Amino acid sequence: MVHSQHGLHVLVCGGVSDAHTWNLVCLQLLLEEAGHRVTNLGPCVTEELLARECLAHGPDAVVIGSVNGHGYQDGLRAVRRLRREPSLATVPVVVGGRLGVAGVRDADAADALRTAGCAAVFDDGDLEAFRGWIRRLAQRRTQDRVAVARVTGGTR
């Protein structure tokens with residue numbers, strides 16, 4: 001796994017039923033402008049492809065976006081698949097965008113996603129909340145790296 005000194009490696013994708021690309025490009029740009037490295041898998045990513053790519057890239061976080069309203073279904077299948085891999089069991093996964101086709105906030109769906117293993121759910125497209133979440137994750141990762149360097153004498 002290769003990580004930048006301060007930024008995260010974030011894997012971004014759309015759910016299997018989401019064919020929208022521009023939201024993923026916008027997420028990628030937002031993350032890169034914040035100093036993070038992004039692997040953008042694009043739209044219509046199956047759970048198996050997502051798991052393979054996560055195993056290959058070892059991301060610090062996974063962001064699954066939904067524009068068409070299947071974020072709940074796609075996100076649930078994806079996070080359950082990732083959690084079956086021991087090395088991916090603790091990788092933070094977030095789902096953002098429209099969780100359902102009705103286009104309204106769904107607290108029950110968000111709760112179910114968190115219960116299944118999502119670290120956060122941004123079902124209202126709140127970019128500021130997402131920016132805050134990613135900033136806190138980056139700070140925790142930096143603190144973890146400093147702690148590991150202290151313990152190992154900087155050999156890692």
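Me: Is Asp124 buried, partly exposed or exposed, and what accessibility does that rest on?
Reply: In this predicted model, Asp124 has 39% relative accessibility and therefore counts as partly exposed.

Me: Where is Asp124 found?
Reply: Asp124 lies in the loop between S5 and helix H5, residues 127-152.

Me: What does Asp124 touch, leaving out residues up to four places away in sequence?
Reply: Asp124 touches Gly97 and Arg105. Asp124 and Gly97 are 27 residues apart in sequence, with their C-alpha atoms 6.1 Å apart in space.

Me: Turning to the helices, how do the axes of H3 and H4 cross?
Reply: The axes of H3 (residues 71-83) and H4 (residues 107-116) come within 9 Å and cross at roughly 10°. Because angles under 35 degrees count as roughly parallel, H3 is roughly parallel to H4.

Me: Which residues meet there?
Reply: From H3, Tyr72, Gly75, Leu76, Val79, Arg80 and Arg83 meet Ala109, Ala112, Leu113 and Ala116 of H4. By class, this contact has 7 nonpolar, 1 polar and 2 charged residues.

Me: Which residues of H4 are buried?
Reply: Ala109, Ala110, Leu113 and Ala116 are the buried residues of H4. They cover an arc of only 125° around the axis, so they sit on the same side of H4.

Me: What do those buried residues pack against?
Reply: The buried residues of H4 pack against H3, strand S4 (93-97) and strand S5 (120-122).

Me: And which residues are exposed on the other side of H4?
Reply: Ala107, Asp108 and Thr115 are exposed there.

Me: What follows H4?
Reply: Gly117 follows H4, and its phi is positive, near 130°.

Key:
Residues numbered from 1 in each chain as written. Predicted model: local features only at pLDDT ≥ 70, side-chain atom pairs only at ≥ 80, totals over all residues. Heavy atoms only, no water. Axes fitted to C-alpha atoms, helices over the stretch in contact; angles between N-to-C directions. Helix = DSSP H or I, 4+ residues; strand = E, 2+ residues; numbered from the N terminus. Parallel < 35°, antiparallel > 145°, perpendicular 65-115°, else oblique. Contact = heavy atoms within 4.5 Å. Nonpolar A, V, L, I, M, F, W, Y, C, P; charged D, E, K, R; others polar. Buried < 20%, exposed > 50% of the residue type's maximum accessible area, 1.4 Å probe, protein only. Arc of directions from axis to C-beta.
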